[in-house]
Amino acid sequence: MRTGRPKAELELSLAERTELERLAHRPKTSQSLALRARIVLACAEGIANDAAARQLGITSATVGKWRMRFVEQRVDGLLDEPRPGMPRKITDEDVERVVTLTLESTPRNATHWSTRSMAKATGMSQSAISRIWRAFALQPHRTETFKLSSDAFFIEKVRDIVGLYLNLPEKAVVLCVDEKSQIQALDRMQPLLPLRPGQVERRTHDYRRYGTTSLFAALNTATGEVLGKCHRRHRSVEFRKFLDLVEDNVPDGLDVHVVLDNYGTHKTAMIQRWLVKRPHFHMHFTPTSASWLNLVERWFAELTEKQIRRGSHRSVNQLQNAIRRYIAICNEDPKPFVWTKTADEILKNLKRFCKRINDSGH
């Protein structure tokens with residue numbers, strides 16, 4: 001005795017079978033539509049719903065649903081029905097127009113587009129403009145700076161310095177040296193309002209200056225330790241004194257490779273005479289306008305962020321003590337900066353960047 005709902009009879013014409021096989025095997029067919037075509041083809045072979053479900057790895061209810069839909073509407077029944085909701089108002093042409101205007105034009109009264117000005121120019125809403133910009137990662141309100149080095153020996157210097165970072169010489173120490181000049185001892189005109197739940201720390205915009213200091217620093221690329229000394233000025237005299245300090249802190253018998261920039265105080269006759277007497281010191285100058293090659297600049301950024309920018313100092317001595325304290329704390333648990341890119345990767349990226357500039361039409 002037969003129980004349950006009787007299954008609908010399913011027969012295929014030659015044209016329908018051809019169309020279903022095309023949908024089931026065509027690479028560009030959606031996975032859902034291809035599965036529905038395979039369900040109908042299996043049922044057309046006379047296979048029971050349960051057997052077809054096991055064969056295709058789905059439930060028998062799914063097989064029954066699309067079997068019935070095909071019997072009632074044929075191939076068109078396998079397509080998705082229109083979903084509820086408002087029809088799309090913004091066309092592909094509208095999106096293309098917004099992207100083109102953003103990339104290739106500016107408003108009459110400004111240097112860049114805003115969501116309001118673009119909405120007014122295109123007749124769309126601000127939220128629509130914002131969604132389109134997010135989809136294409138467009139941020140007209142933001143700008144960044146860059147500067148390409150014009151050093152005639154840029155490639156050679158990059159290979160030299162990056163080679164030191166990636167392959168530390170034996171029986172040698174590599175030090176990244178630079179000055180952070182004109183660090184200001186500042187104090188706000190009125191007391192700070194401290195951080196509290198629901199309220200960020202607040203401070204007055206105006207401040208009082210109490211003088212400046214210059215920090216000479218040497219970062220050991222292998223250990224992450226920093227040797228620092230503050231001076232009121234940053235002439236070659238102070239730089240020579242700092243080199244004396246470096247020499248006193250380097251173990252005997254080691255070569256010293258110093259990475260530094262092309263600042264004038266690093267190349268005076270006084271410094272040259274000092275170096276002649278110490279052949280174990282080797283200077284490696286970064287290319288012009290390429291201070292990013294000097295790892296101590298990364299340490300200076302952390303010093304500024306963690307100690308100087310929000311610090312309050314009522315004298316130069318107080319500022320210098322804060323800097324010395326920060327250096328001492330860093331040296332308690334030093335962590336070296338790890339250089340990852342090879343010279344070839346850097347030069348390849350630079351080549352691609354230069355090509356983008358040349359092809360921009362500006």
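**A walk through a predicted model, residue by residue**

Hi everyone, let's start with Asp94, which has its place in helix H5. When I say helix or strand, I mean a DSSP run, numbered from the N terminus, with at least four residues of H or I for a helix and at least two of E for a strand. What you see above is a predicted model, in which local features need pLDDT of at least 70 and side-chain atom pairs count only at pLDDT 80 or more, while totals for chains, interfaces and linings use all residues. Residues are numbered from 1 along each chain as its sequence is written, and side-chain values use heavy atoms, leaving out hydrogens and water.

Back to Asp94. Is Asp94 buried or exposed? Asp94 counts as buried, because its relative accessibility is 18%. The cut-offs are these: buried is under 20% relative accessible area, exposed is over 50%, and partly exposed is in between, with a 1.4 Å probe and protein chains only. Setting aside residues up to four places away in sequence, Asp94 touches Lys89 and Met124. A touch, or contact, means heavy atoms within 4.5 Å.

Now please find the loop between H4 and H5, where Gly77 lies. Gly77 is buried, because its relative accessibility is 0%. What is Gly77 in contact with, leaving aside neighbours within four places in sequence? The answer is Trp66 and Arg69. For a sense of distance, Gly77 and Arg67 are 10 residues apart in sequence and 9.6 Å apart in space, C-alpha to C-alpha.

Next, salt bridges. Here that means a side-chain nitrogen of Lys or Arg within 4 Å of a carboxyl oxygen of Asp or Glu. How many salt bridges does a search of the whole structure find? It finds 15.

Let me show you a few. Glu16 and Arg74 meet through their side chains in a salt bridge, at 2.8 Å from N to O. This pair links distant parts of the chain, 58 residues apart: Glu16 is in helix H1 (residues 14-25), and Arg74 is in the loop between helix H4 (60-73) and helix H5 (92-104). Glu16 is buried because its relative accessibility is 15%, whereas Arg74, at 29%, is partly exposed.

Arg142 and Glu144 form another salt bridge, with 3.7 Å between the closest N and O atoms. Arg142 is partly exposed at 49% relative accessibility, while Glu144 is exposed at 67%.

A further salt bridge joins Arg309 to Glu305, and there the closest N and O atoms are 2.5 Å apart. Arg309 counts as exposed because its relative accessible area is 51%. There is also a network of salt bridges that links Glu201, Arg203 and Arg310.

Let's move on to some loops. Thr223 sits between strand E2 (207-220) and strand E3 (226-231). With a relative accessible area of 32%, Thr223 is partly exposed. Which residues does Thr223 touch, not counting those up to four places away in sequence? Thr223 touches Pro334, Lys335 and Pro336. Look at Pro336 in particular: Thr223 and Pro336 are 113 residues apart in sequence, yet their C-alpha atoms are 5.4 Å apart in space.

Compare that with Asn321, which belongs to helix H12 (residues 316-332). Asn321 and Pro334 are 13 residues apart in sequence and 19 Å apart from C-alpha to C-alpha. Asn321 is partly exposed, at 40% relative accessibility.

Two residues have a backbone angle to look at. Ala137 is not a glycine, yet it has a positive phi of about 55°. You will find Ala137 in the loop between helix H7 (126-135) and helix H8 (154-166), and it counts as exposed because its relative accessibility is 66%. Ser289 is not a glycine either, and its phi is positive too, at about 60°. Ser289 lies in the loop between strand E5 (281-285) and helix H11 (296-308), and it is partly exposed at 32%.

Let's finish in helix H13 (residues 343-359), where Arg356 lies. Is Arg356 buried or exposed? Arg356 is exposed, because its relative accessible area is 60%.
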